[in-house]
Amino acid sequence: MKFSERLHEKLQPIWRKNHHHPFVRGMADGTLDPQKFRFYMIQDYLYLIGYAKVFALGAVKADDLETMGKFAALLDGTLNEEMALHRQYAARFGITEEELETAQPSPITLAYTHYMLHTAQNGTLAEVIAAVLPCAWSYWEIGKELYAIPGAADHELYGEWINMYASDEFSQMAQWCIDLLDQHTAGKAEAELTKLEGIFLNTTRFEYMFWDMAYNGEMWPGNEGISKGIV
Ligand SMILES: Cc1ncc(C[n+]2csc(CCO)c2C)c(N)n1
């Protein structure tokens, strides 16, 4: 059994929760409160900054030029394409560039990005991939599911999001990560696989917590003492 098949079995209960989450259901039927999506867009923008840095660490940890080049391309795509799309999309929700640039990460955004960065800084290339894969894989899965719902991809507010994550570009990225992880785990000892599985399940759970954070607008208690800065 490929390692990704083992992970696919393990993630089922969490993915089911993702697909049933009211934030995701609200995008599916178009009833999601735009204020909740607005909060999500801002936090996701901050999340992408952290995620881009993890790709940079993927390039550092890669041991061949092809993989290094791919991580560099993903870093470029996230910073210069996906985040540019976020900026345009955010404008439709009345979010200014200044608001994006000065936004504060919520506790979950901070915990999720810092967990990935910590793992990437201290771990092997396989650990970097295990940390980033749930992001790509679960969005691909949700994008596909929502795209298949008649009318969902044409919704004036959420259609663009659905089209973006159901696109071939994102499915190819997820598949590349899956294949790379399978390649780097083939024949590896069980202790290493258990560690990788733990990392993968943690970021899978963070994906669920991110939906929940966005739906509930979860920020820090009070608003004092939050330092400005990058995630
Ligand atoms: C919380 C959160 N999780 C996953 C994604 C999706 N995503 C972010 S980067 C990337 C890969 C290529 O840039 C993908 C698929 C998101 N936007 N926000």
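**Reading helix packing and a ligand shell**

Modeller: In this predicted model, the end C-alpha atoms of residues 8-216 lie 28 Å apart, and the span is 83% helix and 0% strand. The UniProt record, an unreviewed entry, places the feature "domain: Thiaminase-2/PQQC" at these residues, 8-216.

Biologist: How are two packed helices described?

Modeller: Two packed helices are described by the angle between their axes and by the distance between those axes. Here, helix H1 (residues 3-20) and H10 pack at an angle of about 25°, with their axes 10 Å apart. H1 is therefore roughly parallel to H10, since an angle under 35 degrees counts as roughly parallel.

Biologist: Is the crossing of H1 and H10 left-handed or right-handed, and which residues make the contact?

Modeller: The crossing of H1 and H10 is right-handed. On the H1 side, the contact residues include Phe 3, Leu 7, Leu 11 and Ile 14; on the H10 side, they include Leu 193, Phe 200, Leu 201, Tyr 208 and Trp 211. By class, this contact of H1 with H10 has nine nonpolar, two polar and five charged residues.

Biologist: At what angle do the axes of H3 and H4 cross?

Modeller: The axes of H3 and H4 cross at roughly 170° and come within 8 Å. H3 is therefore roughly antiparallel to H4, because an angle over 145 degrees is classed in that way. Among the contact residues are Met 41, Tyr 45, Leu 48 and Phe 55 of H3, together with Phe 71, Leu 75, Thr 78 and Met 83 of H4. The residues of this contact of H3 with H4 divide into 17 nonpolar, three polar and two charged.

Biologist: How does H6 pass H7?

Modeller: H6 passes H7 in a left-handed crossing. The axes of helix H6 (residues 107-122) and H7 come within 8 Å and cross at roughly 165°, so H6 and H7 are roughly antiparallel to each other. The contact is made by Met 116, Thr 119 and Ala 120 of H6 and by Glu 127, Val 128, Ala 131 and Val 132 of H7. These residues comprise five nonpolar, one polar and one charged.

Biologist: How many residues surround the ligand, and which are the closest?

Modeller: The ligand is surrounded by 15 residues, of which the closest are Thr 78, Cys 135, Ala 136, Tyr 139 and Phe 210. Two or more residues of the shell come from each of helix H3 (34-61), helix H4 (65-91), helix H7 (125-147), helix H9 (168-185) and helix H10 (190-216).

Biologist: Into which classes do the residues of the shell divide?

Modeller: The shell around the ligand has 10 nonpolar, two polar and three charged residues.

Conventions: Residues are numbered from 1 along each chain as its sequence is written. This is a predicted model: local features need pLDDT of at least 70, side-chain atom pairs count only at pLDDT 80 or more; totals for chains, interfaces and linings use all residues. A residue is near a molecule or strand if its C-beta atom, placed from the backbone, lies within 6 Å of it. Helices (H or I, at least four residues) and strands (E, at least two) are DSSP runs, numbered from the N terminus. Ala, Val, Leu, Ile, Met, Phe, Trp, Tyr, Cys and Pro count as nonpolar, Asp, Glu, Lys and Arg as charged, and the others, Gly among them, as polar. UniProt positions are given in the numbering used here, feature names are shortened, and annotations may be inferred rather than shown by experiment. Axes are lines fitted to C-alpha atoms, for helices over the stretch in contact, and angles run from 0 to 180 degrees between N-to-C directions. Angles under 35 degrees count as roughly parallel, over 145 as roughly antiparallel, 65 to 115 as roughly perpendicular and the rest as oblique. A crossing is left-handed if the near helix is turned anticlockwise from the far one by less than a right angle, and right-handed if clockwise. Two residues are in contact if their C-beta atoms, placed from the backbone, lie within 7 Å.
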